[in-house]
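Dear colleague,

Please find below the structure that I am handing over to you.

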Amino acid sequence: MTAAQNFPQRLVSFWRRLPFDMTIVAPLLALIVMLIASSLASEYFLNTRNLTNILRQVSYTGIIAIGVTFVIIGGGIDLSVGSMVALVGVLLLFVLNAVGDPTLALLVGMSSALVVGALFGLVNGLLVTRGRIAAFIATLATMSIYRSLALYLTDAGEVVSSNALFPEIGGGYWLGIPIPVWTFFILAAAAHLLLFHTPYGRHLCAVGSNEQVARYSGIRVRTVVLFSFVIAGACVGLAAIMLSSRLNSISPSDAGVLYELDAIAAVVIGGTSLAGGRGSIWGTVIGALILGIINNMLNLLGVSPYLQGLVKGAVILIAVLMQYKRSQ
């Protein structure tokens, strides 16, 4: 074998020896390229207000994507998160309008949204682990159920909050940065600690890599998978709080539509394997930012909104193909 023939192998070996996690570095390089290309394509891109809007828009689906990351690393998938946003948002506003004291209503309503979101995630998890239904089928069914319940409870009409304090949560700022953005990054830090610095995170990766081996190793596989769906549900509850607070209302027919696509796309672009067992929270954060920049650039360049789904689908396909090549 010649020196020229060995060069690609030496290059791959060199990259593997670098003290970096390439599953994060690769999406990060893609993000930097996107930032440079976007700043050259539009003079308005680097405007502070535009960047703030990107971060705010990304935070809603990013919070959901963090929860979905746990599900996918565990070898599952959750298609119901978009519909869950609508139903949790509706129930949240019902609670807010039912309690008289604004401060008490805020505390009770937000706590209820987190608990209800976790319970919906628990339902998904029980269908998968106890009902032994494939995650794709189980969450496809609950996607329809949650949306239908939201429409029924509101008679397909918009629900508006009467709480004067509620808009301050999703529309407020701290140190010049929107509160949903703070929430997104703080949640990402907490999720990173849970995934990489606790026994649960290690067990989840083991289950996603090989469920049978994990079971023989004494890991309680069903409990680990069930908890991943509960985490995803709680994250949806948090996103529902931020979104409905920002709008001070919720529309059961529009809220959360296609959020499942954005969340899964962010996870995949961020380097998490759809086959399970491998992934990172910060990769998902970067994936969500890349998607946000793509959406923003399409709007700034005047591309038809009907084509945005095409672009997202193409990006997902490219990310999956890159994962396939890497696994080869």
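Predicted model: local features only at pLDDT ≥ 70, side-chain atom pairs only at ≥ 80, totals over all residues.

Which residues in H3 meet which residues in H12? Tyr-60, Thr-61, Ile-64, Ala-65, Val-68, Thr-69 and Ile-72 in H3 meet Tyr-259, Asp-262, Ala-263, Ile-264, Ala-266 and Val-267 in H12, where contact means heavy atoms within 4.5 Å. Helices (H or I, at least four residues) and strands (E, at least two) are DSSP runs, numbered from the N terminus.

Residues are numbered from 1 along each chain as its sequence is written, and side-chain values use heavy atoms, with hydrogens and water left out.

Two packed helices are described by the angle between their axes and the distance between the axes. For helix H3 (residues 48–73) and H12, the axes come within 8 Å and cross at roughly 65 degrees; axes are lines fitted to C-alpha atoms, for helices over the stretch in contact, and angles run from 0 to 180 degrees between N-to-C directions. The crossing of H3 and H12 is right-handed, that is, the near helix is turned clockwise from the far one by less than a right angle.

Ile-64 is among the residues with the most contacts inside the largest nonpolar core, together with Ile-63, Ile-66, Val-68 and Phe-70. This core has 87 residues; a nonpolar core is a set of buried Ala, Val, Leu, Ile, Met, Phe, Trp, Tyr and Cys residues joined through side-chain atoms within 4.5 Å. Helix H11 (residues 221–247) gives the most to this core, with 14 residues.

Burial is judged by relative accessible area: buried means under 20%, exposed over 50%, and partly exposed in between (1.4 Å probe, protein chains only). Ser-59, found in helix H3, is buried at 0%. Not counting residues up to four places away in sequence, Ser-59 touches Pro-180, Val-181 and Phe-184.

Helix H4 (residues 81–98) is largely enclosed by the rest of the structure, because 13 of its 18 residues are buried. The end C-alpha atoms of H4 are 25 Å apart, in agreement with the 26 Å that its 18 residues should span at 1.5 Å a residue; the expected span is 1.5 Å times one less than the number of residues.

The search of the whole structure finds 1 salt bridge, defined as a side-chain nitrogen of Lys or Arg within 4 Å of a carboxyl oxygen of Asp or Glu. Arg-215 forms it with Glu-211, the closest N and O atoms being 3.1 Å apart. Since these two residues are 4 residues apart in helix H10 (residues 211–216), they are separated by about one helical turn. Arg-215 is partly exposed at 37%, as is Glu-211 at 42%.

Finally, two loop residues deserve mention. Asp-155 is not a glycine, yet has a positive phi of about 55 degrees; Asp-155 lies between helix H6 (135–154) and strand S1 (159–160) and is exposed at 71%. Leu-258, also not a glycine, has a positive phi of about 65 degrees and is found in the loop between strand S4 (249–250) and helix H12 (259–269).

Yours sincerely
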